Amino acid sequence: MDDNAVPERKRGSGVKMVYDLLRDEILDLKLAPGSPIDEVQLADRFKMSRTPIREALVRLAGEGLIETLPNRSTMVSNIDFLNLHTFFDALVLMYRVTTRLAAQYHRPEDLATIRTFHEEYAAAVKAQDALAMIATNAAFHSAIADAGRNPYFSSLFRRLLDEGRRILRLYYQSYEGQLPQRFVDEHQEMIDVIAARDVEAADRIGREHAEQIVAQVQRLFTRNERLDIQL
């Protein structure tokens with residue numbers, strides 16, 4: 001019985017390793033939208049059989065990160081730009097409600113955690129490290145959500161921040177390596193109003209912070225550098 005359990009555990013850990021690595025590469029745009037996924041190449045890369053590779057791909061497909069085409073080939077899913085407005089609506093609402101509830105229900109230890117992530121985020125901005133900014137930004141806002149004492153909102157917000165990593169990667173790229181200090185200043189404003197238990201200001205700042213992200217992303221995707229040809 002134990003002999004059978006060991007390979008199963010090894011396979012399970014292999015599936016998780018492949019899943020975690022591929023998921024990060026997709027969300028961080030190291031694997032570009034539309035790029036092909038080849039089971040044979042992945043099996044060679046990870047030095048394992050195709051069975052755990054296939055299981056990891058099934059999990060990624062379930063999250064909408066990869067898709068199988070009619071010809072049975074597999075690729076990284078394209079970003080659904082047509083329905084981004086629904087993602088943005090949910091994102092803005094979660095920024096508002098989590099910041100608002102944190103102002104209302106936070107405990108002293110919550111502020112310490114939030115400030116720690118704020119310092120890490122500020123360091124990432126100073127280093128102009130976009131990937132570190134995405135990770136520390138998610139940790140910062142997740143800590144704010146946790147301070148609001150509503151696990152449903154916390155779970156939903158984490159999911160949105162996770163699913164939005166590809167959008168945020170493009171968002172930070174739009175600043176062409178010059179990530180502004182304004183991001184850090186806005187986070188500090190959030191901390192100040194949360195600490196002051198100013199619920200209405202927290203709601204307002206949460207909304208403004210989210211809406212400027214949405215506006216920048218929308219500008220990025222609607223920029224049209226026209227080809228001017230005389231006819």
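Modeller: Happy to! This is a predicted model, and its largest pocket holds about 500 Å³ of space. Of the 21 residues that line this pocket, the closest to its centre are Glu 63, Phe 87, Glu 163, Gly 164 and Arg 166.

Colleague: Which element gives the most to the lining of the largest pocket?

Modeller: That is helix 7, with five residues. Helix 1 (2-27), helix 4 and helix 8 also supply at least two residues each. Sorted by class, the lining has eight nonpolar, six polar and seven charged residues.

Colleague: And how much space lies in the second largest pocket?

Modeller: About 150 Å³. Among the residues lining the second largest pocket are Asp 28, Arg 158, Asp 162 and Arg 165. Two elements give two or more residues to it, helix 6 (130-147) and helix 7, and helix 6 gives the most, with five. Its lining is made up of five nonpolar, one polar and four charged residues.

Colleague: Now the cavities. How is a cavity told apart from a pocket?

Modeller: A pocket is open, whereas in a cavity the probe fits but cannot get out. Here there are two cavities of 30 Å³ or more. The largest cavity contains about 80 Å³ of space, and its lining includes Phe 87, Phe 88, Leu 91 and Tyr 95, together with Leu 160, Leu 161 and Ile 213. Helix 4, helix 7 (151-163) and helix 8 (165-173) each give two or more residues to this lining. The largest share, four residues, comes from helix 4.

Colleague: How many charged residues are in the lining of the largest cavity?

Modeller: None: the lining divides into nine nonpolar residues and one polar residue. Tyr 121, Asn 137, Tyr 171, Tyr 172, Phe 183, His 209 and Ile 213 line it. Helix 8 and helix 10 (199-222) are the elements that give it two or more residues.

Colleague: Which residues is Ser 77 in contact with, leaving aside its neighbours within four places in sequence?

Modeller: Those are Pro 33, Gly 34, Gly 64, Leu 65, Ile 66, Glu 67 and Arg 166.

Methods: Residues are numbered from 1 along each chain as its sequence is written. This is a predicted model: local features need pLDDT of at least 70, side-chain atom pairs count only at pLDDT 80 or more; totals for chains, interfaces and linings use all residues. Side-chain values use heavy atoms; hydrogens and water are left out. Contact means heavy atoms within 4.5 Å. On a 1 Å grid over the protein atoms alone, a cavity is a set of points where a 1.4 Å probe fits but cannot get out, and a pocket is an open set with protein on both sides within 12 Å along at least five of seven lines; lining residues have an atom within 4 Å of a point. Grid points are joined across faces, edges and corners, and a volume is the space filled by probe spheres set on the points. Ala, Val, Leu, Ile, Met, Phe, Trp, Tyr, Cys and Pro count as nonpolar, Asp, Glu, Lys and Arg as charged, and the others, Gly among them, as polar.
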